[in-house]
Amino acid sequence: MTMSAGWYLRRLSRMGPREVAGRVADTVRRHRWRSARPDRPSVTGAGFTAVLPAGTIATVPPDAAKRLIADADRLMHGHAEYFGVVRDDLADPDWSRDPKTGRRAPDGYAFDVPYRDEDAVGDIKQIWELSRHQYLTQLAAAYAITGNDRYAERVAEHLRSWWAANPPLRGVHWISGIELGIRLLSWVWIRRLLNAWPGAAGLFEDNPVALHQIWYHQRWLAAFPSRGSSANNHVIAEAAGQFAAACAFGWFPSSARWRADALRSLERHLRRNTFPSGLNRELATEYHGLVLELGLAAVAEADAAGVPVPATVRSVLLRMTDALAAVVDGRLRPPRQGDADDGHGLVLDGAGTDRWASLLATGDAVFGRLAWWPTVTGTDVRTPLLAALIRPSAPTVSRPADRPAHFADAGMTILRGPEEIWCRCDAGPHGFLSIAAHAHADALSVEVRHDGVDVFADPGTFCYHGQPEWRRYFRSTLGHNTLELDGGDQSASGGPFLWTRHAESRVLAADPSGDGVARWCAEHDGYRPSVHRRRVELTAASRELRVVDEVSGPRRAVRLAFHLGPAIAADLVGNRAVLTWIRDGEGRTAVLDLPGKLSWRAHRGESDPPLGWYSAGFGRKEPATTLVGTGLTDGAEGFTTVLRFGGQGGAWGT
């Protein structure tokens, strides 16, 4: 996808004067660096002291180590999967080739590479992901656990290959600050985990090529920070990577300044990116996880280096951890809200390790769990390693005595019922900052699960660049469990990461712990002059969820959508659907009575236009049933939907 002149004008309209001035200065600097690149100062006496405390590796749980080593062995054989694409070329990867399209990103001055144009470059996410070097942190961790030199040797081989193929400011890997920041964090942990390997110093501090790369990564990040309307999770990744490298690789004349500047940026943007309730302001759950991982990793580096960290950094991370514990369902799954691209801050675990359980385990080790936290039964590699570096400290903020269910600042309310009925109601701001890059047009949407199974599902994200029709669908109003008017979205999109008009929502009532009936009511103005109001009630005794939609204003065409999870089979007759699924070998049922004033139809796996899909992860999608009712608004009575959960059906379907 190439960006039109109209897109640039729309993007410019979302910037303030200070951001425009900063971007002009960036452009001038990029032009200057084309012919007069910065010179790295000489370095002598470099050493690495940010090692793990003695005995730390022995505390890694055996089952977590087993999962990691199994993944490491697959990597050693060249096998991996990224965003739904299976790769078998990782023994000797081509760092600029997209395995999905077969295209290879052009060489040349980095800022000339048209990375948004899939026809010229390929799928940029596929190219960038491997070069975050998080698979190398897995291999380095496998070495630390087993002492087997073959893992360390493969890491060294690939780092030397990458450094040779990607000299500073050349090619596709020198374009995006988030990529440089995460890569630096990976290099810090690779050096730490290889510390017992005899070749570690020769690979890093005694290697002029490595020194050149590490210095240039930090010089780049100091020169081109994400600014203004782009200061979301990207700027936190940049600051965390810069800070980690300046702490662990503090070998350069500018290291102290970089460290101080990065810490100031990290503290400022952690606060700005986080609601007082602890939820991430992007209202995209996976970015909550990414920011929390990056923040914890940065604190670990500070404590390992003896660098004081402002108390606000730890307090934000504490609030984020408590908020995560509050919103997960009974299977420790958080909401599927907003964009999700499977991005991680620090990867030290193998497949099968639950990301959210791992974060809660780390939170328990670092901050201590509260009585209302859900039980975490899984194990991971990362928690004991981070906990060995982070110094315990007394919290500087009060923590909730009971499990929060209504997050007023984020507009999120969680209703809970018997048998782990879980319902997320959304009436929050339309994303973060003026462009709301990772927001979806999902005002007043609901997400419903039964014992961790998606019943009313948020379909997910699937893609960013290259497939505009799919990007539009997965972030559209029709692509969520809410109501659409006149075939348009509640908010106006100006591009794949740009919203030019934001619907405004407000919660009118929220009583998630009501006496037998949990209630929520909210409205939004995205369809002015009409107003969409939704009421949700969850009755514990009858295990019944009632959703009432009302639209004030002129008579308009309406589509009401309910997206079912991929495990749900639906038999739709008229305006009643019988839902069936299996959980842990047991058949489950529910009856869904839909508004009779609308004409209902089931859609599944349609592509022209897209409808009836579920994306479990970035780059992956599968058919799922979507029920869509069409008709006209009726302000007098509205539209009532009732979902009644039944009991277990024994061995139904087996």
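**Notebook: burial, salt bridges and backbone geometry**

I began with burial and noted that 58% of the 654 residues in the protein are buried (under 20% relative accessible area; exposed is over 50% and partly exposed in between, with a 1.4 Å probe and protein chains only). The model is predicted, so I recorded that local features need pLDDT of at least 70 and side-chain atom pairs count only at pLDDT 80 or more, while totals for chains, interfaces and linings use all residues. Residues are numbered from 1 along each chain as its sequence is written, and side-chain values use heavy atoms, with hydrogens and water left out.

**Entry 1: overall form**

I looked up the secondary structure and found 17 helices and 25 strands; these are DSSP runs numbered from the N terminus, helices being H or I with at least four residues and strands E with at least two. I noted a span of about 80 × 55 × 45 Å for the C-alpha trace along its principal axes.

I then turned to contacts (heavy atoms within 4.5 Å). Of those between residues at least 6 apart in sequence, 72% join residues at least 24 apart. The protein exposes about 23700 Å², and carbon and sulfur atoms supply 51% of this area; the areas come from the Shrake-Rupley method with a 1.4 Å probe, and for residues only the protein chains shown count as cover.

**Entry 2: salt bridges**

I recorded 49 salt bridges in the structure, each being a side-chain nitrogen of Lys or Arg within 4 Å of a carboxyl oxygen of Asp or Glu.

The side chains of Glu 293 and Arg 355 form a salt bridge with an N to O distance of 2.9 Å. Glu 293 belongs to helix H13 (residues 285-305) and Arg 355 to helix H15 (residues 355-367), so this pair ties together parts 62 residues apart in sequence. I found both Glu 293 and Arg 355 to be buried.

Arg 399 pairs with Asp 322, and their closest N and O atoms are 2.8 Å apart. This pair links distant parts of the chain, 77 residues apart: Arg 399 sits in the loop between helix H16 (382-389) and strand E3 (406-407), and Asp 322 in helix H14 (residues 311-327). Asp 322 is buried, at 6% relative accessible area.

For Arg 576 and Asp 593 I noted a salt bridge of 2.6 Å, N to O. Arg 576 lies in strand E17 (residues 576-583) and Asp 593 in strand E18 (residues 586-593), so the pair ties together parts 17 residues apart in sequence. Arg 576 is partly exposed, with a relative accessible area of 43%, whereas Asp 593 counts as buried at 16%.

I also listed a network of salt bridges that links Asp 329, Arg 333, Arg 424, Glu 447, Arg 449, Asp 454 and Asp 458.

I placed Ala 300 in helix H13, where Ala 300 counts as buried at 0% relative accessibility. Beyond four places in sequence, Ala 300 touches Leu 386, Leu 389 and Ile 390.

Asp 549 lies in strand E14 (residues 544-552) and is buried, with a relative accessible area of 0%. Among its contacts beyond four places in sequence I noted His 532, Arg 533, Arg 534 and Phe 639.

Thr 101 is in the loop between strand E2 (85-87) and helix H4 (118-121) and counts as partly exposed, at 29%. I found Thr 101 in contact with Glu 118, Gly 122 and Asp 123, neighbours within four places left aside.

**Entry 3: backbone geometry**

Most residues other than glycine have a negative phi, and most peptide bonds are trans. I therefore looked for departures from this pattern.

A cis peptide bond joins Arg 528 and Pro 529, with omega about 10°; Pro 529 is in the loop between strand E12 (517-524) and strand E13 (531-539). The bond from Asp 608 to Pro 609 is also cis, with omega near 0°, and Pro 609 is in the loop between strand E20 (606-607) and strand E21 (610-611).

Phe 462 has a positive phi near 75°. Phe 462 lies in the loop between strand E7 (453-456) and helix H17 (468-474) and counts as buried at 6% relative accessibility. Arg 543 has a positive phi of about 50° and is found in the loop between E13 and E14.
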